[in-house]
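Welcome to this tour! Open your viewer, get ready to select residues by number, and follow along stop by stop.

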Amino acid sequence: MNSHRPDIDRLISLYLSQRATENERQELEQWLGASSANRQVFESIRKVWSLPSHYKSSSDTAQVRDQIWKAGTGQQQSAPTPLVHGIGNVLYWSKVAAVFFMFLLGAGLFSLLVKENVSSLLTAPVALVEIENPAGQRSAYTLPDGTAVWLNAESSLVYPEKFSDTLRVVQLQGEGFFQVTKDLRRPFIVRAAGTSTEALGTAFNINAYSEDDIVKIALLEGKARVQSADRLHTAVLSPGEELLAPKNRSGFSTRQFNYENTFGWKEDILIFDGADFTKFRNTIEKWYGVKVETQGTLPVNWQIRARYQHEELRNVLRDIGFNKNIKFELHDKKVLITF
C-alpha cells in the first residue's frame, strides 16, 4: 500500500462508481502501476464493491471503519465528506464506506477485526509471462485479451497471464508492433524505456532499444496517448505521427513517419536509410543473429542507403561489398569485414 497517497480511497470510490474524471482515472492508474501490492489491494476492494448490498450496510461498515481507524491512530474518524451532493443513494455510500474499509485493511490493520472473513477475498498474485526474441528472430504473439503483438529481434515483452478487469499493462524492451483489441473498460498500456503509451483500439509501433538514444512511438491507426515516466510530458498521437522521446533529456517532439522505415521490419524488409558503419553493423548483428568483426581502418564518412526484403545475409553482404569496395567472410554465425 502506498502510504503517500491518503486520498486513494476516494479515487477508488470514484472509479468504481464510474464518477472519476479523466485526471482522477490517470492518478489511479499511476498508483496501480507503482507496485503489485497496490494492484492486489485494488482487486480486493473491487470484489467487495461487487458484493450484494446486504453484505455491507452503510451503518455496519462505517462502525467497523471507525473501529479500525481508532485502533490504528488513537483518534475517532469523522464521516467522509460527500463526493457528490444530493445523491441520496444509500447503496452508493455503503460502497464508498466499504472501499474505505478495505483501504485500511490493505494498510495492514485487518488483523484487528474480521480477518478470517476478509482474507478469503484477497486475490492471489497473477503470474507473469515473458517472451523474448534473440538476435535473428522476429515473431508474432496473441495476448490474453486478443491483442496481436509482433516482436522484433533482441526484444522482450512481459505481461500478466490474465489481465485485470480495469487495466491491461505490458512491459516492452526493444521493438514491438501492437494491434490492440478494443476494450473501453480496460485501457491498454505499454511501458517502455521511461514512456507509457495508452491505447483503447489502436495499432502502433514502439522502438525502445537500450542502445538507442531516442524512443520512437509511431501510430498507424486509432489514437494513443504517450506520457513520460515523471508525468511531466504528455502527447496525443494521430495516425501517421511518430513521437520522439530522447532518453538524455526531457520533452517530446513529433513528426510524420515513412511507413517502410518504421513498420517494414514486420514484413521482413531491411532498410538502411543513410546508416553509418556502426549502425550498419548493429543492424546486421540484430537482424541475422551474427557477430561482425572488422579488419583495417573503419570508414569515417560511410553511409548506406539500401532496401532488402526476404534476403539472405550473404547476398546483402555481397551487394554492400560491391558498392563500398569491402571484402567479407561468412563463417556460420561470424562475419569478418576487411577494409
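**Stop 1: the largest pocket.** Select Asn207, Lys216, Asn261, Ile271 and Lys279: of the 36 residues that line the largest pocket, these lie nearest its centre. (On a 1 Å grid over the protein atoms alone, a pocket is an open set of points where a 1.4 Å probe fits, with protein on both sides within 12 Å along at least five of seven lines; lining residues have an atom within 4 Å of a point.) The space in the largest pocket is about 1,000 Å³, where a volume is the space filled by probe spheres set on the points, and grid points are joined across faces, edges and corners. (Helices, H or I with at least four residues, and strands, E with at least two, are DSSP runs numbered from the N terminus.)

Before moving on, a note on what you are viewing. This is a predicted model, in which local features need pLDDT of at least 70 and side-chain atom pairs count only at pLDDT 80 or more, while totals for chains, interfaces and linings use all residues. Residues are numbered from 1 along each chain as its sequence is written, and side-chain values use heavy atoms, with hydrogens and water left out.

Stop 2: Next, click Ile320. Which residues does Ile320 contact, leaving aside neighbours within four places in sequence? They are Phe280, Trp302, Ile304, Tyr308, Asn325 and Ile326, with contact meaning heavy atoms within 4.5 Å.

**Stop 3: strand S4.** Select residues 155-160. Five of the six residues of S4 are buried, so this strand is largely enclosed by the rest of the structure. Strand S1 (128-133) pairs with S4 in the antiparallel sense over six bridges, and Glu132 stands opposite Ser156. (Two strands pair if DSSP finds at least two bridges between them.) S4 also pairs antiparallel with strand S5 (168-179), over three bridges; there, look for Leu157 opposite Leu172.

**Last stop: helix H2.** Select residues 22-34 and find Trp31 and Leu32, which are among the buried residues of H2.

Terms used
Buried means under 20% relative accessible area, exposed over 50%, partly exposed in between (1.4 Å probe, protein chains only).
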